[in-house]
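Student: Hi! Could you walk me through this model?
Tutor: Happy to; here it is.

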Protein chains: 2
Amino acid sequence: MTVRRQRPHPLGLPGSFGPGVAKSRATQEGGRRPNEFDRWLVRRIAVKVGQPDVAMALWDHKDAYCPTGDCRGRIVFRDRGALLSVIVSPEIGFGDAFSAGRIDVEGDLVDVLARCYRSTDRAGAVAGKRTALGRLPRPRSNTKTGSRRHIQHHYDLGNDFYRLWLDEEMVYTCAYYDTPNATLEQAQRAKLDHVCRKLMLRPGQQVIEAGCGWGSLALHMARDYGVKVRAFNISQEQVAYARERASREGMGDQVEFVLDDYRNISSTCDAFVSVGMLEHVGVQNYQALGQVIARALRPNGFALIHSVGRNRPTPVNAWLEQRIFPGSYPPSLREMMAIFEPFNFSIIDVENLRLHYARTLREWLARFDRAADTVRAMYDEEFIRAWRLYLAGCSAAFFANSIQLFQVVCAPAGNNDVPWTRAHIYPETATR
Amino acid sequence: MTVRRQRPHPLGLPGSFGPGVAKSRATQEGGRRPNEFDRWLVRRIAVKVGQPDVAMALWDHKDAYCPTGDCRGRIVFRDRGALLSVIVSPEIGFGDAFSAGRIDVEGDLVDVLARCYRSTDRAGAVAGKRTALGRLPRPRSNTKTGSRRHIQHHYDLGNDFYRLWLDEEMVYTCAYYDTPNATLEQAQRAKLDHVCRKLMLRPGQQVIEAGCGWGSLALHMARDYGVKVRAFNISQEQVAYARERASREGMGDQVEFVLDDYRNISSTCDAFVSVGMLEHVGVQNYQALGQVIARALRPNGFALIHSVGRNRPTPVNAWLEQRIFPGSYPPSLREMMAIFEPFNFSIIDVENLRLHYARTLREWLARFDRAADTVRAMYDEEFIRAWRLYLAGCSAAFFANSIQLFQVVCAPAGNNDVPWTRAHIYPETATR
């Protein structure tokens, strides 16, 4: 395997854990047989993860430890350092060691991780809770400057990179599988329509979108629902792509892509929509977001917030926040209410699409794996392993019910034009 | 008008405000012309209510004061005492004086009250907030004994009374008008089906219902969905009625009506449902209710809570809590989460049926008005006026968006049998 590092990968992984180093270490430890201390460390890790039904093996591949006596899949620790780093900091230690190739997973990665999430949740044990790293103030604060840095870290990896494994419309949020056999492409289009139907868009209306990704929803709303859209985003790469696309599709008059923070939104609208931005907002800014919506939304308008969430407030996975999504935090529904309550918004609809995101992420992982050679040419093996862990880990967390996907629709208190039923969201129900 | 008081009405209204007294006072003040102080009191009241677009007149019926210059409907104060009691305690003062006939409303009662609610909300002024009565600890505590007393106060008024103006199934909760021209009867049946579809009931399942009213939902679930139901209620009159009905309909084997508090539920179930009970539970008991659901619900089950709610925590209307629903409190969605979060429930669906309850209550009011002579024979004129105010006031509050109606569906964290879409709730969409 040739590791070609075309550009430095942006994960901020500790350099000494690079794949070359990991390889040599693995070989090195491979010469030493694991001893009783190593096996004791494995059992300690199993306790920390809540005794999952996943086997755990050491670098000799012998005598794998199965906490429940009935295990599927196997986690292989390739050196004692990997064991120790998971003990010290379960989330960051595991993530970094996996990325560096010092931990391997045999079997289906999503399934193995889901088993671990389930046992952790069952045990009520939040990994990393009691470690020094776990006490660090996380997530990081999302000031306007901080937000820009955090968003660029992830979303400015390059459009070429995301194009390798997203759908053709470049939708980087939970799809909606309204029929069992839908492809990712169909499910993403169905999601865009699902959002538009919930907002009850009518031709000629004005829509503000906060956090517009590569512009797929904005363009879809304008093209298929005849609305005018102002779409905000602080990722330069995404806005450049979206603008180019709007111009190419002749939609420049109907859709304006604005490179700016949601806090600077000042115009008014009939519908306010934000799909997959709230995770990056931070609880301390929810009231500011509510203020923006209250200022923007006309009396008979609707707002829709689509976000990863939680059953209850839970610390964000430390590795994910450190390496993949700095400043991110998925809120509980109760925490989300800090957006709406101060401004007397009426919640009119909440839907949980958790299983849809589990499936979306699994599909992204499959496409990412198929594009692995190209990604390797752009970054390196460590980047690939880290992104596999991120995609598989999130799919697993949705499947295991550790995280949720909430679509929340609200209306200003005075709005009596709310729909009497939600049947309009399901126009083709009887024809299926 | 002959006031026949067949049995003492149960509102606990101050005796001196009885209709006979009110009449004579009205005559008395009628002899005195209102002076500048009386007119100043009217303007103070208008400020307290946030300057509604409703005219306010005194007992001379002259020079009605219109706060906005463009008013519809008219509130008539029949004596200075009525003005003062509204100043001292806007909610209790208004409610008691209206019940006693010392305040009249000309025009559509629901519409006039809705205008007042809207202006109050707009002004951000919560009537009664700063009065001595407003500071009383309300709502009263719902211990098991307290709950029984509070529930009997309202629901044990007598089945004969409720039969006069409820639908034939005796459903005393928000109906669901799934088609614009539905009758109350059709809308109540639609509501029962709406709840059953959300719970995805399957034949043979076991259901626990907490707060079952006169048994209509329990019997409907058993009859139309083939489930077995244990239905709990602490209203003796309601349980007696429900048992008699189950026996008459030959459903005794499938439905058991239990005269007991929800906190004593100990069996397990596939579905847990509670329609219109949470308003009487009290925020301090939400975790206890969540504990009951967590203990009862099997891993692949669903729970549905249907309750009056709020956009944000707001003191309960003092008159309603004192005279109509002791111990009641409609929570915000954030407050409701205290039921679910501690037990790691996943919220999978929230729907707001506010306008449906506005319409349901308006229909009840119309039927109540048609039955007024019979009600008068059972109670007295003051009771009738108080109940008209209650029914119209609640309809107005739903219409004005002061109160909400939330249906919340949740599942235990481990339940992956959640539906992928909500299309099953709308089976007839395309055929309408």
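Tutor: What follows is a chat about contacts, helices, strands and the core.

Student: What should I know about the source and the numbering?
Tutor: This is a predicted model, where local features need pLDDT of at least 70, side-chain atom pairs count only at pLDDT 80 or more, and totals for chains, interfaces and linings use all residues. Residues are numbered from 1 along each chain as its sequence is written, while chains are lettered from A and ligands numbered from 1 in the order in which they are written.

Student: In which sense do β9(A) and β9 of chain B pair, parallel or antiparallel?
Tutor: β9(A) and β9(B), residues 346-352 of chain B, pair in the antiparallel sense over three bridges. Two strands pair if DSSP finds at least two bridges between them. A:Asp349 has B:Glu351 as its bridge partner in β9(B).

Student: Let's look at A:Gln404. Is it buried or exposed?
Tutor: A:Gln404 is buried, with 24 other C-beta atoms within 10 Å. A residue is buried if 20 or more other C-beta atoms lie within 10 Å of its own, exposed if 12 or fewer, and partly exposed in between, with C-beta atoms placed from the backbone. A:Gln404 lies in strand β10 (residues 404-411) of chain A.

Student: What does A:Gln404 touch?
Tutor: Not counting residues up to four places away in sequence, A:Gln404 touches A:Gly309, A:Arg310, A:Asn311, A:Asn352, A:Arg354 and B:Ser346.

Student: New topic: how is chain A divided into domains?
Tutor: Chain A has domain 1 (18-123) and domain 2 (144-412), with bounds from an automatic or database domain assignment. Their centres, taken over C-alpha atoms, are separated by 33 Å. The contact between them takes 17 residues from domain 1 of chain A and 21 residues from domain 2 of chain A.

Student: Which elements give two or more residues to the domain 1 side?
Tutor: Those are α4 (90-99) and α5 (109-122) of chain A. The largest share of that side, seven residues, comes from α5(A).

Student: How many residues of α4(A) are buried?
Tutor: Ten of the ten residues are buried, so α4(A) is largely enclosed by the rest of the structure. What covers them includes α2 (36-48), α3 (80-88), β3 (103-106), α12 (318-324) and α16 (381-399) of chain A. After α4(A) comes A:Gly101, whose phi is positive, near 80°.

Student: Over in chain B, which residues are buried in α11?
Tutor: In α11(B), residues 286-296, the buried ones are B:Tyr286, B:Leu289, B:Gly290, B:Val292, B:Ile293 and B:Ala296. They cover an arc of only 155° around the axis, which puts them on the same side of α11(B); the arc is that of the directions from the helix axis to the C-beta atoms.

Student: What about β2 of chain B, which residues are on its covered face?
Tutor: In β2(B), residues 74-77, B:Ile75 and B:Phe77 make the covered face, while B:Arg74 and B:Val76 make the uncovered one. Strand β1 (residues 55-57) of chain B runs parallel to β2(B), joined by three bridges. β2(B) and β3 (residues 103-106) of chain B run antiparallel, joined by four bridges.

Student: Last one: which residues touch the most other members of the largest nonpolar core?
Tutor: A:Met221 and B:Met221 do, out of 260 residues in that core. A nonpolar core is a set of buried Ala, Val, Leu, Ile, Met, Phe, Trp, Tyr and Cys residues joined through C-beta atoms within 7 Å.

Note on methods
Contact = placed C-beta atoms within 7 Å.
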